[in-house]
Amino acid sequence: MKDFLEYGRFKNELGVKAFLDISEKAERISVKAIGSNLSVQLSDSGMMFNNLLYLAGKTSWSVRILATSGLMLQAYMLLRIRFEQTLVSSYLVHEDREKGFIPFLKHNPSNEYHFAKRAEEDPRLNEFFSDFLDKKIDSLKKRAVEFEKHFNPDFNEDGFEPHWKWTNKSIFKIAKKRDELTETLNEISSFPLLVYYRVVYKAA
(Lines give C-alpha, C1' and ligand atoms only; values in the text may rest on other atoms or scores of the structure.)
Protein backbone atom coordinates (compact mmCIF):
# COMPACT_ATOMS: atom_id res chain seq x y z
CA MET A 1 0.00 0.00 0.00
CA LYS A 2 1.49 3.33 -1.00
CA ASP A 3 1.86 6.14 1.53
CA PHE A 4 -1.17 8.47 1.60
CA LEU A 5 1.11 11.50 1.42
CA GLU A 6 2.18 10.54 -2.10
CA TYR A 7 -1.29 11.32 -3.45
CA GLY A 8 -2.04 14.54 -5.34
CA ARG A 9 -3.25 17.83 -3.89
CA PHE A 10 -6.94 16.93 -4.24
CA LYS A 11 -6.67 13.97 -1.85
CA ASN A 12 -8.70 15.71 0.87
CA GLU A 13 -11.59 16.74 -1.37
CA LEU A 14 -14.76 15.17 0.01
CA GLY A 15 -15.65 12.93 -2.96
CA VAL A 16 -12.05 12.01 -3.67
CA LYS A 17 -11.30 11.13 -0.04
CA ALA A 18 -14.37 8.86 0.11
CA PHE A 19 -13.16 7.07 -3.03
CA LEU A 20 -9.67 6.67 -1.55
CA ASP A 21 -11.06 5.14 1.64
CA ILE A 22 -13.16 2.60 -0.29
CA SER A 23 -10.37 1.73 -2.74
CA GLU A 24 -7.74 1.24 -0.05
CA LYS A 25 -10.07 -0.82 2.15
CA ALA A 26 -10.95 -3.10 -0.75
CA GLU A 27 -7.27 -3.62 -1.51
CA ARG A 28 -6.46 -4.51 2.10
CA ILE A 29 -9.29 -7.07 2.20
CA SER A 30 -8.18 -8.76 -1.04
CA VAL A 31 -4.53 -8.91 0.01
CA LYS A 32 -5.47 -10.40 3.38
CA ALA A 33 -7.84 -12.95 1.83
CA ILE A 34 -5.29 -14.59 -0.47
CA GLY A 35 -2.08 -13.72 1.34
CA SER A 36 -2.87 -15.57 4.57
CA ASN A 37 -3.13 -19.07 3.04
CA LEU A 38 0.18 -20.53 1.85
CA SER A 39 -1.42 -23.58 0.20
CA VAL A 40 -3.62 -21.27 -1.85
CA GLN A 41 -0.62 -19.15 -2.84
CA LEU A 42 1.34 -22.17 -4.09
CA SER A 43 -1.48 -23.75 -6.09
CA ASP A 44 -1.78 -23.06 -9.80
CA SER A 45 -4.94 -21.04 -9.22
CA GLY A 46 -3.39 -19.25 -6.25
CA MET A 47 -0.35 -18.12 -8.23
CA MET A 48 -2.55 -16.93 -11.08
CA PHE A 49 -4.83 -14.97 -8.76
CA ASN A 50 -1.80 -13.50 -7.01
CA ASN A 51 -0.70 -12.15 -10.39
CA LEU A 52 -4.19 -10.79 -11.04
CA LEU A 53 -4.21 -9.24 -7.58
CA TYR A 54 -0.86 -7.57 -8.25
CA LEU A 55 -2.15 -6.06 -11.49
CA ALA A 56 -5.36 -4.98 -9.78
CA GLY A 57 -3.42 -3.26 -7.01
CA LYS A 58 -1.22 -1.37 -9.47
CA THR A 59 -4.24 -0.32 -11.52
CA SER A 60 -6.14 0.86 -8.43
CA TRP A 61 -3.10 2.80 -7.27
CA SER A 62 -2.88 4.50 -10.67
CA VAL A 63 -6.57 5.43 -10.55
CA ARG A 64 -6.07 6.93 -7.08
CA ILE A 65 -3.05 8.94 -8.23
CA LEU A 66 -4.97 10.33 -11.22
CA ALA A 67 -8.04 11.16 -9.14
CA THR A 68 -6.09 12.95 -6.42
CA SER A 69 -4.21 14.89 -9.10
CA GLY A 70 -7.44 16.23 -10.56
CA LEU A 71 -7.20 14.11 -13.71
CA MET A 72 -10.73 12.76 -13.46
CA LEU A 73 -11.25 11.90 -17.12
CA GLN A 74 -8.03 9.90 -17.20
CA ALA A 75 -8.97 8.19 -13.93
CA TYR A 76 -12.37 7.27 -15.34
CA MET A 77 -10.81 5.82 -18.47
CA LEU A 78 -8.47 3.65 -16.38
CA LEU A 79 -11.42 2.63 -14.24
CA ARG A 80 -12.66 0.77 -17.32
CA ILE A 81 -9.59 -1.47 -17.12
CA ARG A 82 -10.07 -1.93 -13.38
CA PHE A 83 -13.68 -2.99 -13.92
CA GLU A 84 -12.63 -5.57 -16.49
CA GLN A 85 -10.06 -6.96 -14.05
CA THR A 86 -12.71 -7.28 -11.34
CA LEU A 87 -15.23 -8.86 -13.68
CA VAL A 88 -12.85 -11.44 -15.15
CA SER A 89 -11.44 -12.40 -11.74
CA SER A 90 -14.92 -12.89 -10.28
CA TYR A 91 -16.01 -14.87 -13.31
CA LEU A 92 -12.98 -17.17 -13.03
CA VAL A 93 -13.65 -17.76 -9.33
CA HIS A 94 -17.25 -18.84 -9.88
CA GLU A 95 -17.25 -20.45 -13.33
CA ASP A 96 -16.58 -24.15 -13.86
CA ARG A 97 -12.80 -24.72 -13.84
CA GLU A 98 -12.80 -26.31 -17.31
CA LYS A 99 -14.68 -23.38 -18.82
CA GLY A 100 -12.91 -20.52 -17.08
CA PHE A 101 -9.70 -21.07 -15.17
CA ILE A 102 -7.97 -23.59 -17.43
CA PRO A 103 -8.53 -21.70 -20.73
CA PHE A 104 -7.41 -18.51 -19.00
CA LEU A 105 -4.27 -20.12 -17.58
CA LYS A 106 -3.31 -21.67 -20.93
CA HIS A 107 -3.93 -18.38 -22.68
CA ASN A 108 -0.82 -16.50 -21.55
CA PRO A 109 1.91 -18.74 -23.06
CA SER A 110 -0.20 -19.32 -26.16
CA ASN A 111 -0.78 -15.59 -26.54
CA GLU A 112 2.92 -14.82 -26.17
CA TYR A 113 3.75 -17.33 -28.89
CA HIS A 114 0.91 -16.01 -31.06
CA PHE A 115 2.29 -12.46 -31.09
CA ALA A 116 5.89 -13.65 -31.50
CA LYS A 117 4.85 -15.72 -34.51
CA ARG A 118 2.96 -12.81 -36.04
CA ALA A 119 5.97 -10.56 -35.56
CA GLU A 120 8.21 -13.17 -37.17
CA GLU A 121 5.92 -13.42 -40.20
CA ASP A 122 5.54 -9.64 -40.62
CA PRO A 123 8.66 -8.19 -42.31
CA ARG A 124 7.91 -4.74 -40.89
CA LEU A 125 8.05 -6.08 -37.33
CA ASN A 126 10.66 -8.77 -37.90
CA GLU A 127 13.13 -6.04 -38.82
CA PHE A 128 12.98 -4.74 -35.23
CA PHE A 129 12.55 -7.99 -33.30
CA SER A 130 14.62 -10.46 -35.32
CA ASP A 131 17.34 -10.84 -32.65
CA PHE A 132 14.77 -11.47 -29.93
CA LEU A 133 12.71 -13.83 -32.08
CA ASP A 134 15.73 -15.85 -33.17
CA LYS A 135 16.50 -16.56 -29.51
CA LYS A 136 13.02 -16.85 -28.05
CA ILE A 137 10.39 -18.07 -30.50
CA ASP A 138 11.25 -21.78 -30.14
CA SER A 139 11.16 -21.57 -26.35
CA LEU A 140 7.86 -19.64 -26.48
CA LYS A 141 6.34 -22.35 -28.65
CA LYS A 142 7.70 -25.07 -26.36
CA ARG A 143 6.15 -23.39 -23.31
CA ALA A 144 2.80 -22.96 -25.06
CA VAL A 145 2.79 -26.64 -26.08
CA GLU A 146 3.77 -27.73 -22.56
CA PHE A 147 0.82 -25.83 -21.10
CA GLU A 148 -1.51 -27.47 -23.60
CA LYS A 149 -0.15 -30.94 -22.77
CA HIS A 150 -0.32 -30.31 -19.04
CA PHE A 151 -4.09 -29.98 -19.20
CA ASN A 152 -4.61 -32.29 -22.16
CA PRO A 153 -2.19 -35.26 -22.22
CA ASP A 154 -3.54 -36.33 -25.63
CA PHE A 155 -2.72 -32.97 -27.20
CA ASN A 156 -0.96 -33.31 -30.56
CA GLU A 157 1.46 -30.49 -31.28
CA ASP A 158 1.63 -31.21 -35.03
CA GLY A 159 0.23 -28.18 -36.79
CA PHE A 160 -0.18 -26.37 -33.48
CA GLU A 161 -1.63 -22.90 -33.93
CA PRO A 162 -1.69 -20.53 -30.93
CA HIS A 163 -4.97 -19.00 -29.85
CA TRP A 164 -4.97 -15.33 -28.92
CA LYS A 165 -8.25 -15.29 -26.98
CA TRP A 166 -8.99 -17.29 -23.84
CA THR A 167 -12.75 -17.12 -24.40
CA ASN A 168 -15.17 -16.32 -27.19
CA LYS A 169 -17.42 -14.46 -24.75
CA SER A 170 -17.60 -10.67 -24.99
CA ILE A 171 -17.22 -8.57 -21.83
CA PHE A 172 -21.00 -8.13 -21.83
CA LYS A 173 -21.56 -11.90 -21.94
CA ILE A 174 -18.95 -12.51 -19.23
CA ALA A 175 -20.70 -9.97 -17.01
CA LYS A 176 -24.08 -11.55 -17.66
CA LYS A 177 -22.81 -15.08 -16.99
CA ARG A 178 -20.93 -14.00 -13.90
CA ASP A 179 -24.07 -12.44 -12.41
CA GLU A 180 -26.01 -15.63 -13.15
CA LEU A 181 -23.36 -17.69 -11.33
CA THR A 182 -23.40 -15.47 -8.23
CA GLU A 183 -27.01 -14.32 -7.90
CA THR A 184 -27.90 -16.90 -5.20
CA LEU A 185 -24.81 -16.31 -3.05
CA ASN A 186 -25.19 -14.64 0.34
CA GLU A 187 -22.01 -12.60 0.14
CA ILE A 188 -20.48 -9.63 -1.66
CA SER A 189 -20.08 -11.70 -4.83
CA SER A 190 -23.85 -11.65 -5.28
CA PHE A 191 -23.64 -7.93 -6.04
CA PRO A 192 -24.34 -7.61 -9.79
CA LEU A 193 -21.65 -6.30 -12.14
CA LEU A 194 -23.62 -6.14 -15.38
CA VAL A 195 -25.01 -2.73 -14.47
CA TYR A 196 -21.46 -1.39 -14.20
CA TYR A 197 -20.67 -2.74 -17.63
CA ARG A 198 -23.16 -0.19 -18.94
CA VAL A 199 -22.11 2.62 -16.60
CA VAL A 200 -18.33 2.19 -16.61
CA TYR A 201 -17.19 -0.06 -19.43
CA LYS A 202 -19.33 1.20 -22.31
CA ALA A 203 -19.28 4.84 -21.24
CA ALA A 204 -15.51 5.12 -20.67
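Guide: Gladly! Let us start with a term: a helix here is a DSSP run of H or I with at least four residues, and helices are numbered from the N terminus. With that naming, Lys169 sits in the loop between H6 and H7. Please keep in mind that this is a predicted model.

Visitor: What makes up the secondary structure of the protein chain?

Guide: The protein chain has eight helices and zero strands. Following the sequence, the pattern reads α-α-α-α-α-α-α-α.

Visitor: Back to Lys169, then. Why is Lys169 called partly exposed?

Guide: Its relative accessibility is 34%. Buried means under 20% and exposed means over 50%, with partly exposed in between. The value for Lys169 falls in that middle range, so Lys169 counts as partly exposed. Leaving aside neighbours within four places in sequence, Lys169 is in contact with Tyr91, Ile174 and Lys177.

Visitor: And Thr182: how do you know whether Thr182 is buried or exposed?

Guide: Thr182, which lies in helix H7, has a relative accessible area of 0%. The cut-off for buried is under 20%, so Thr182 is buried. Not counting residues up to four places away in sequence, Thr182 touches His94, Ser189 and Ser190. Across the protein chain, buried residues make up 36% of the 204 residues.

Visitor: How are helices H4 and H7 placed, and what word describes their angle?

Guide: Helix H4 covers residues 72–94 and helix H7 covers residues 171–182; they pack at an angle of about 45°, with their axes 9 Å apart. Roughly parallel needs an angle under 35 degrees, while roughly perpendicular runs from 65 to 115. On the H4 side the contact is made by Glu84, Leu87, Ser90, Tyr91 and His94, and on the H7 side by Ile171, Ile174, Ala175, Lys177, Arg178, Leu181 and Thr182. By class, this contact of H4 with H7 has six nonpolar, three polar and three charged residues.

Visitor: What makes H5 and H6 count as parallel or antiparallel?

Guide: Helix H5 (residues 101–121) and helix H6 (residues 123–151) pack at an angle of about 150°, and their axes are 6 Å apart. Angles over 145 degrees count as roughly antiparallel, so H5 is roughly antiparallel to H6. H5 passes H6 in a left-handed crossing. By class, the contact of H5 with H6 has 14 nonpolar, two polar and eight charged residues. Among the residues that meet are Leu105, Tyr113 and Ala116 in H5, and Leu133, Leu140 and Phe147 in H6.

Visitor: Which residues form an aromatic cluster, and what makes two rings a pair?

Guide: Rings pair if their centres lie within 6.5 Å. By this rule the count comes to five aromatic pairs. Tyr91, Phe104 and Trp166 form one aromatic cluster.

Visitor: Where does Glu6 lie, and which residues does Glu6 touch?

Guide: Glu6 is found in the segment before helix H1 (14–35). Not counting residues up to four places away in sequence, Glu6 touches Trp61 and Ile65. The C-alpha atoms of Glu6 and Thr68 are separated by 9.6 Å, though these residues are 62 residues apart along the chain. As for the protein chain overall, among contacts between residues at least 6 apart in sequence, 62% join residues at least 24 apart.

Note on methods
Residues numbered from 1 in each chain as written. Predicted model: local features only at pLDDT ≥ 70, side-chain atom pairs only at ≥ 80, totals over all residues. Heavy atoms only, no water. Axes fitted to C-alpha atoms, helices over the stretch in contact; angles between N-to-C directions. Helix = DSSP H or I, 4+ residues; strand = E, 2+ residues; numbered from the N terminus. Left-handed = near helix turned anticlockwise from the far one by under 90°. Contact = heavy atoms within 4.5 Å. Nonpolar A, V, L, I, M, F, W, Y, C, P; charged D, E, K, R; others polar. Phe/Tyr/Trp six-rings, centres within 6.5 Å; stacked < 30°, edge-to-face > 60°. Buried < 20%, exposed > 50% of the residue type's maximum accessible area, 1.4 Å probe, protein only.
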